[in-house]
Amino acid sequence: MSTTNAFRRVLGAIVLAAAAPAALAQFVGKVSDPVEWVNPLMGTASKPEMSNGNTYPAVTVPWGMNLWTPQTGKMGNGWTYQYDADKMRGLKQTHQPSPWMNDYGQFSVMPVTGSKRFTEDERASWFSHKSETAKPYYYSVYLADSDVTAELTPTERAAQFRFTFPQSEHSYVVVDAFDKGSYVKIIPEQRKVIGYSTRYARGPLPANFRHYFVMVFDKPFTSSDVWRGKELVAGALEMESAHSGAIVGFKTARGEKVHMKVASSFISHEQAELNLQRELASDDFDTTRARAKAAWNRVLGKVEVEGGSIDHMRTFYSSLYRMVQFPNKLYELDAAGSPVHWSPYNGKVLPGYLYGGTGFWDTFRALYPFLNLVYPAINREMQAGLANAYREGGWLPEWSSPGYADIMVGNNSASVVADAWIKGARSNADIETLWAALKNGANNEGPMSAVGRKGVKYYNEIGYVPYDVKINENAARTLEYAYDDFTIYQLGKALGKPESEIGIYAQRAMNYKKLFDPETGLMRGRNQDGSFQKPFNPFKWGDAFTEGNSWHYTWSVFHDIDGLVNLMGGRQAFVGKLDTVLSLPPTYDESYYGSVIHEIREMQVANMGQYAHGNQPIQHMLYLYNYAGAPWKSQYWVRETLNRMYQPTPDGYCGDEDNGQTSAWYVFSALGFYPVTPAVGQYVVGAPLFQRATLHLENGKQVRINAPGNGADKRYIRAARLNGKALQRNWLGHDELLRGATFDVEMSAKPNHQRGIKPDDAPYSFSREGRQ
């Protein structure tokens, strides 16, 4: 795989350190070029039946409006790029957050030679990873059937292409605006192609949805044709149809490079032109590539890690690369340089920020907390964008793609908003709008199941969504609503709201207790009359739960683990229950779905019992030993998961990567701590993976994590110090880190059964505030 060429250039950073008396292991020292450690192909060896990440090689800049990717799948196939494919159909502009959500705002280009081959099957070319270079800021591939090398490099809303053609009288670039309604126009005298696509997978969207594009070439056309469907309309220059495209031709010498600049807009062709001029202007290809690379190094360089293996270094920066792609910018800059956006909520062009392409059910857990710690400025823009979404659509999106998408459960926008404000990523002008949005979402059903709260009348009146009222995934909804109510209460307190307004949310935060079944010691669906569901199989996926079973969702009490400990009979029983999750066989009941969904298969093959790290609901569970006096068990299992479930390879994830969440688990855990309870200013301690790490915070302070001598045989914390003082407790404070901090950790091959074992050493739980 040619991406390894970049790593060879940075191996000068590698030092040798003694790993054992009889062996040496390679450790990587400080790097100055972190983007070269990223493998964009990590996670691309995926398919609907088995996700090893469900990623594609995204060529973009951090949080850019547009992403580009090589396209191996057919038009409309969410698996747009699969590592095992051997033919390429195009280079596609995409906004796809996941294959399950599919795409919007998409079109593709493809160089061909010989005949005018424009349909996706006719133009497809054999390719090999041996002649492919994939980087976050640059992509190159040799298309064997046409003897053409295609290269691209991005900006936020534009990109440059460079096509190296053979000697040919018949060299072409095909433009595919895709089906579902599209338009193209060739303007030969300007060496330009314009058009738009209306294709989107998730809706509804306003009827005027368009994604406009403009392409400018540096070589005059020798032929210009448009096409519709499978029909070439020779000599025509304009086409509006269900499926429109263009094909422009050139006469080329061997090795001749044809350059193309492209930009797009959700607003208009004129705005696309403005985006092109602002972001590319007279820059050549190499200048754009250098700027894109520098943008990645600025963002990735905020987190420095040293003293890990080559694979750990590659996995870390590949994961961080995934974390800063979504949500992506949906706003553009007008002629005056002010942010403006087309609204997927009402179809109007309006001032201000907007972001899209993320599901809060996944990302509230660790992705947004990481933004609040390391990249708060970008989340301030995202919070302003959420306020705009509420103003324009009447609800906060729980999944934006780009507008409201009816998928997943919960009301987790509450956590995303509360965590940002509490940790200082504040959109001050918008907070009252966001406060109103949270209350609206918490107390009303929305226009679809995934917006607002499905079953809210039952939840607010009896404290849970019943199992027997034909509302699917009712127990999962109840548990997530309870946590979301806690975050609303936390935000209300931080805003100084009166108890008369916010007390109800503190009360509802304890609704999780209503689903705890003392007989099984697990969470269980409950009928409207108060009886528990029968029959009950804790291994049954779905039904009362979402993409998981009771063994997974029982731990979804992020805000009150002490309360859950007490329900289970105390600390010893709680630890035993955690142990059971990891020791049970990977048994499952798929009858609710009627087939084995990929999340089930990924748990089964992982061979970690009922621990299903490939899906989000249980990812925090390994840290819960810290609440019950057994922190060394968290340290062991976190390291085990870091080592076993992640590799910097095409099959490098153990399930859906999901917009940075599964990557955020890795990055936080590799640093040595994790945000079990967003909307609380604490991080639960695990154990660092690297010998050194430095976070460069936006306020100019630094967080240093030192674990000298750390290695594969040292999973446990023997002792820890924070700013020179011994640290027994199992958490770090957000405010402590923001002030600048040094966290010194002495790692050991043996667990320390005396450190972090007292009840006062445990992280935050709501019960400690006297809540019942």
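This is a predicted model: local features need pLDDT of at least 70, side-chain atom pairs count only at pLDDT 80 or more; totals for chains, interfaces and linings use all residues.
**Briefing: helix crossing, salt bridges and strand pairing**

The axes of helices H12 and H13 come within 7 Å of each other and cross at roughly 150 degrees. Because an angle over 145 degrees counts as roughly antiparallel, H12 is roughly antiparallel to H13, and the crossing of the two helices is left-handed.

**The loop between H12 and H13**

- The loop between helix H12 (474-495) and helix H13 (499-508) holds Lys497, whose partner Glu432 belongs to helix H10 (residues 431-443), and this pair links distant parts of the chain that are 65 residues apart.
- The contact itself is a salt bridge between the side chains of Lys497 and Glu432, with a distance of 3.0 Å from N to O.
- Lys497 has a relative accessibility of 19% and counts as buried, because the cut-off for a buried residue is under 20% relative accessible area.
- Glu432, at 46% relative accessibility, counts as partly exposed.

**Other salt bridges**

- The structure holds 39 salt bridges in total, and side chains of opposite charge can pair when their charged atoms come close.
- One of these bridges joins the side chains of Asp562 and Arg768, at 2.9 Å from N to O.
- Asp562 lies in helix H15 (residues 561-567), while Arg768 lies in the segment after strand E38 (741-748), so their pairing ties together parts that are 206 residues apart in sequence.
- Within this pair, Asp562 counts as buried at 15% relative accessibility, whereas Arg768 counts as partly exposed at 41%.
- A network of salt bridges links the four residues Asp33, Glu36, Lys135 and Lys293.

- The side chains of Asp225 and Lys116 meet in a salt bridge, with 2.7 Å from N to O.
- Asp225 is part of strand E16 (residues 223-228), and Lys116 is in the loop between strand E6 (107-113) and helix H2 (120-123), so the pair ties together parts that are 109 residues apart in sequence.
- Asp225 counts as buried, with a relative accessibility of 4%, whereas Lys116 is partly exposed, with a relative accessible area of 28%.
- Five of the six residues of E16 are buried, so the strand is largely enclosed by the rest of the structure.

**Strand partners of E16**

- E16 runs antiparallel to strand E19 (residues 244-252), to which six bridges join it, and Val226 has Ala246 as its bridge partner in E19.
- E16 also runs antiparallel to strand E17 (residues 231-233), with three bridges joining the two strands, and in E17 the bridge partner of Val226 is Val233.
- E16 and E17 form a hairpin with two residues between them, and in that turn Gly229 has a positive phi of about 60 degrees.

**The annotated domain**

- An unreviewed UniProt entry places the feature "domain: Glycosyl hydrolase family 92 N-terminal" at residues 37-265.
- In the model, the span of residues 37-265 is 2% helix and 45% strand, and its end C-alpha atoms lie 32 Å apart.

Key:
Residues are numbered from 1 along each chain as its sequence is written. Side-chain values use heavy atoms; hydrogens and water are left out. UniProt positions are given in the numbering used here, feature names are shortened, and annotations may be inferred rather than shown by experiment. Helices (H or I, at least four residues) and strands (E, at least two) are DSSP runs, numbered from the N terminus. Buried means under 20% relative accessible area, exposed over 50%, partly exposed in between (1.4 Å probe, protein chains only). Two strands pair if DSSP finds at least two bridges between them. Axes are lines fitted to C-alpha atoms, for helices over the stretch in contact, and angles run from 0 to 180 degrees between N-to-C directions. Angles under 35 degrees count as roughly parallel, over 145 as roughly antiparallel, 65 to 115 as roughly perpendicular and the rest as oblique. A crossing is left-handed if the near helix is turned anticlockwise from the far one by less than a right angle, and right-handed if clockwise.
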